Amino acid sequence: AVSGRYTHDIIANFGQDSSFGGELTRQGYTDKNGQGDFYYDYSSHDRNVQALCHKNLQQLDFWDVATDVRNGDPPTKHFKSVWYYGNGSYNQINGVGFKPDFLWIKGDANSRDHTIWNTVRASTTGDNGRNVRINATDDEILGSASIQSFNTNGFTTHNANVANANGTTYHSYSWKAGDALSGTDTNTDGSVQSTVSTNQKTQFSIINYSGTTDTNFTIGHGLEEAPHTFWVKRLTGGNREWRIWHRNLGNTSTTHFGQTGSITTNFSGFQNTNPNDSLIYLTNSAELGENGRDYLCLAWTSVPGFSEFNRYEGNQNEFVYLGFKPALLIMTNIDTSVRGFYMWSNIQGDNAAVNGNLQHYRLHSTTGNDLDGSVDDIEFYSNGFKVKDTIAGNLNNTLQTNIFWAWAEMPSIFSNAF
């Protein structure tokens, strides 16, 4: 602070440091809610002092509105990233905070695959362990040795290497849909019936359907708004690529989680039609709807403070505003001939902060490559992310378009400190 011609340093404590930057001996007193680190004792209920922190803000009258549009639920009630160590046996993973409906797991070592599970398929087949690889084209895998159960606070794995090899570190990403293990919804909005589990607060839907003899058909997605992105994977009857639609690709282009993730233009598989607030438009191609084959579709719509599916144009040190601090970020360049999908999360940081913002290592989601611990080319901020000029994968080329999928850790009305 400046007063007249003299300069004064002022150290304030809002409940974060009772030593005032090491100037005094830390006392460790809390406020009346048990929060904070104060020099004086404010724990008595007649002392109207509270630490400026996340838990105290939750008690304010405006919290439910200010947090997000989901009636006060923080994003972690609907999406959570958790890392754990494999033990090669039964392994109960806690800390998710809800029962996952869609689960993505990737091991850090020995080139483990990116593997996903969902409770709609588990419910309709009676097999919790059925899984599909993100970075491969093969059919659904029967997985009695992978995921044993989806629990109220996480999940239990067995000894399959994709989820629980002894001594391996795993990254898990969990989404909440509609608790399909307690019952799914039959959706008849489309010309082909679908089985869906939806989360209307976060506009996320898991859809299972079977192919048809009709050249053009529709499936109901169960969301209240038109999806901004959806992913489709054939589950039975032969190896086929993922098919990905993103609102910034348009309805005549698609990409996939392949080695190069190439863009297919002049693509008619979506009937040259964007999805609307009830239907997704498909054709009975082998990848999208061949008669007698089973398919998985995952659909999302952006929700302020929770998710964003959009684009940015590459440049140097590009900052992308999201309106939240990211928990998971997936990106690909759509303007280069050789491209891949890359992902970063809030459990992949190197704990080295730049201006208070953690840098994050990347995973290559189109291969089984291990975590790249030598490259920290993304910085997560309280309101978005920054693409560093050292980034690989053509993700910051000048005037080239990159599309992304992002899910939140915390809306940006709060700083990273809380």
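Helices (H or I, at least four residues) and strands (E, at least two) are taken as DSSP runs, numbered from the N terminus. On this basis the secondary structure of the chain comprises 4 helices and 27 strands. The model is predicted, so that local features require pLDDT of at least 70 and side-chain atom pairs pLDDT 80 or more, whereas totals for chains, interfaces and linings use all residues. Residues are numbered from 1 along each chain as its sequence is written, and side-chain values use heavy atoms, with hydrogens and water left out.

Of the 418 residues in the chain, 53% are buried, that is, under 20% relative accessible area with a 1.4 Å probe, protein chains only. The accessible surface (Shrake-Rupley method, 1.4 Å probe) comes to about 17200 Å², and carbon and sulfur atoms account for 43% of it. Where contacts (heavy atoms within 4.5 Å) join residues at least 6 apart in sequence, 61% link residues at least 24 apart.

The whole structure contains 34 aromatic pairs, defined by ring centres of Phe, Tyr and Trp (its six-membered ring) within 6.5 Å; planes under 30 degrees apart count as stacked, over 60 as edge-to-face and the rest as tilted. One of these is the tilted pair of Phe102 and Trp300, with 6.3 Å centre to centre and 55° between the planes. Because Phe102 belongs to strand 5 (residues 102-107) and Trp300 to strand 18 (residues 294-300), this pair ties together parts 198 residues apart in sequence. Phe102 is buried at 0% relative accessibility, and Trp300 is buried at 0%.

Trp300 also forms a tilted pair with Trp175, at 6.2 Å centre to centre and 55° between the planes. Trp175 lies in strand 10 (residues 169-175) and Trp300 in strand 18, so parts 125 residues apart in sequence are tied together. Trp175 is buried, with 1% relative accessibility.

Notes
Buried < 20%, exposed > 50% of the residue type's maximum accessible area, 1.4 Å probe, protein only.
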